[in-house]
Amino acid sequence: MNKTLYCSVAVLALMTSVARAEAITVLVEGGGHSLQQAAADAFTKETGIEVNFVEVPYQGVYDKLSAEIASGTSNYDVATIDVVWNAAFADHVEDLSDLFTDAVRADMPPALVADATVGGKMIGMPAWANAEIVFYRKDLWEDPANQAAFKEKYGYDLVPPATWQQWRDMAAFFTKDGIYGTVVIGGTSEEWMAEVLQAGSPGVILDDAGQVILDNQAHIDALENYRAPLCLDKSVPDNALEISWGEAQNLFYQGQAAMMKFWAHAYKMTPEDSQIAGKVGVAPMIAGSAGIAAIPGPWYNVIPSTSQHKDAARQFIAYLEAHNALGIEAPLGLAATNSAYQSYMGKPGYEHFGPLIETLSAPATKGRPLNKDYQELVDEAVMPAFQGALECEDNVAELLQDAAETARDILGQ
Amino acid sequence: MADRPSPDFGKTVINLAALVLVLSYALPYVYLVSTSLKPPADVQQIPPSFFPGRVSLENFATVIGTAGLPNAFVNSTVVAVLTTLLSLLIAVPAAYVSALYRRRITVIFLLFALVTRMVPAVSLGVPLFQVMKTLGLLDTTLGLVLAHTSTAVPLALLLMSAFFEGVPKELEEAARMDGCTRFGAFVHIILPLMPSGLAITALFSFIASWNEFLFALLLTSQNSKTAPIVIAEFNSVYGLAWGPMTAAAVLYSLPVILVTLLLQKQIVGGLTFGAVKG
């Protein structure tokens, strides 16, 4: 009797442990959950491994993962993290180098692979990526009267803006009849950073060796160009410092701006009751002397070193990469691999994928510095200079020299 | 004969001043309600409008359809009610003893009780996380109730001590002469004199737990996630859903407003408690 009981208990215990091994928990931000749910469902169907998502607010991903790491244990087998946290978590996650086969690398924009590499270790697999591209009003651009007037004034055809000069010309041209040509964002600095890369800088804020280059010529040229529509051309709302992405997006949606640079996902999310619904055109990010460039906004799936189900987590991440297109039907409609984007090329409603993949794959496109002090560098060094420049009075080179000094102090250089 | 301002004039001025004061407090909330009633396209209108041009309940419909939010509201209610009860259960007797039997040790006790209020909540986050993990209380209602109680008790202790200080010690002595035990005197004689103090302390404990964010973020994930976390999820990395977020915030504020209205008499009594004490 006792023997039977012990055997039953042992079998039950074994079954329980197997059942537990067949479930993984993924820490993710709300939007990221929807992008991964379809692939997770398919993964469970194929492998039998259950995937439980724990959805938290954006900053909650960082806070919860930090608390777990500090406690030395983890409830999470996978965490989907913003690229800006890659450096902070690099020492506490598994190396996924084996998942980055030649085929996987070839199917991704190089900038995403570069952002996954921290200290020679592949710390995460890109889950999806975004980048700013050009949004413009097709109805304005295709209007024959506008086309004729533009050509007469500037001497070339009115086409979607592709260069710095075209951007400024078109912004100035369309600043009329109660609308602005475009918007200068003063609340965040990423759009200027993209122009830094377009101007040929080897990186933003820091070079590959980690040295401060915040005051190099490309940073200066880019900031002069970035503030020109505000300070010289007067082709944007004058309250740039109060404008961040949300405000810029709304000015465009409300028909108050003729064009904007914005994250590509917004194309699919144009409100149906917006004045410009059905009139939005998209183009790759504008180019400077170094060509098209943007700051990518990828998210990475990482495996915390404290995960209890590393093998299952690894399988899940590999599956997500191989079936990356499954997330495209989600509201944000983003992916990380070229093949995922290409599988939707030509489909109505996905016109932004061409410009997005061209922007993400551009040789000058590069991520933000993978440095643990990145946020402090932005808050303490970059933003004061950037926002000071947008007041249109101070000398850009001097502002950036001061910013570079502050950055060197922060990094002890 | 010089004209003297009529009493009505003085009253009007006071009323106007009160109205300005109330509006300065209420304006953000009124704007929150107003925003929640705007159609999605008008929510972030530039320049912003204070009142909705068109009234729409679409944001409320979105909120009601948001997966997890109804559960989160239930979790918030359960956690806040249990935290309030537990805080009162611990703090009220402790406050009574420390107020009526003031010794050096009770003063030290009160000071130490305030320690959790003296350090930033974020510094307690990881230790609390570890404790709850060890106890197997992560993502449980009990775990969050204990965490909230740890910060609500000092506040309740401080408030109730102040109320008990207004109670003459002779009341307890008289009750004991009539045959009450010390605990009996406390329960049957002293506590019934304290409805205002209890109401205010309960309300503050309830609100502290109801609105708490950080511990709820760190200690819960799926089963006991509270509404502030779910409301914060409307702020995604790719956009802030102002409309649904304000609608959720309006709905979430209603129970607190309701409780405050229900306890209005006791709260006003508590605020004026001891005001005429000689």
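This is a predicted model: local features need pLDDT of at least 70, side-chain atom pairs count only at pLDDT 80 or more; totals for chains, interfaces and linings use all residues.

Visitor: Where does B:Leu88 lie, and which residues is B:Leu88 in contact with?
Guide: B:Leu88 belongs to helix α4 (residues 69–100) of chain B. Helices (H or I, at least four residues) and strands (E, at least two) are DSSP runs, numbered from the N terminus. Leaving aside neighbours within four places in sequence, B:Leu88 is in contact with B:Ala156, B:Leu198, B:Thr201, B:Ala202 and B:Ser205. Contact means that the C-beta atoms of two residues, placed from the backbone, lie within 7 Å.

Visitor: How far apart are B:Leu88 and B:Lys11?
Guide: They are separated by 77 residues in sequence and by 40 Å in space, C-alpha to C-alpha.

Visitor: What does chain B contain in terms of helices and strands?
Guide: Chain B has 15 helices and two strands. Its C-alpha atoms fill a box of roughly 80 × 70 × 30 Å along the principal axes. Of its 278 residues, 32% count as buried. Among contacts in chain B between residues at least 6 apart in sequence, 76% join residues at least 24 apart.

Visitor: What is the mean pLDDT of chain B?
Guide: The mean is 86, and 94% of the residues of chain B reach 70 or more; pLDDT is the predictor's confidence in each residue, from 0 to 100. Among the elements of chain B, α4(B) has the highest mean pLDDT (93), and helix α15 (residues 264–271) of chain B the lowest (73).

Visitor: And chain A?
Guide: Chain A averages a pLDDT of 92, with 95% of the residues scoring at least 70. Over residues 9–20 of chain A, however, the pLDDT is below 50, and this stretch has zero contacts in the model beyond near neighbours in sequence. For the complex, the predictor gives an ipTM of 0.73 and a pTM of 0.83.

Visitor: Which residues touch the most other members of the largest nonpolar core?
Guide: They are A:Phe135, A:Val183, A:Phe316 and B:Leu219, in a core of 196 residues. A nonpolar core is a set of buried Ala, Val, Leu, Ile, Met, Phe, Trp, Tyr and Cys residues joined through C-beta atoms within 7 Å. Helix α8 (residues 141–164) of chain B gives the largest share of this core, twelve residues. Leaving aside neighbours within four places in sequence, A:Phe316 is in contact with A:Ile24, A:Phe43, A:Ile49, A:Val51 and A:Val78.

Visitor: Why is strand β3 of chain A largely enclosed?
Guide: Strand β3 (residues 78–82) of chain A is largely enclosed by the rest of the structure because four of its five residues are buried. Strand β1 (residues 23–29) of chain A pairs with β3(A) in the parallel sense over two bridges, where two strands pair if DSSP finds at least two bridges between them. A:Leu27 stands opposite A:Ala79 in β3(A). Four bridges also join β3(A) to strand β12 (residues 299–302) of chain A, and these two run antiparallel. There, A:Asn301 in β12(A) is the bridge partner of A:Thr80.

Visitor: What about helix α15 of chain A?
Guide: Six of the eight residues of helix α15 (residues 353–360) of chain A are buried, so this helix is largely enclosed by the rest of the structure. The buried residues are A:Phe353, A:Pro355, A:Leu356, A:Ile357, A:Thr359 and A:Leu360.

Technical notes:
Residues are numbered from 1 along each chain as its sequence is written. Chains are lettered from A and ligands numbered from 1 in the order in which they are written. A residue is buried if 20 or more other C-beta atoms lie within 10 Å of its own, exposed if 12 or fewer, and partly exposed in between; C-beta atoms are placed from the backbone.
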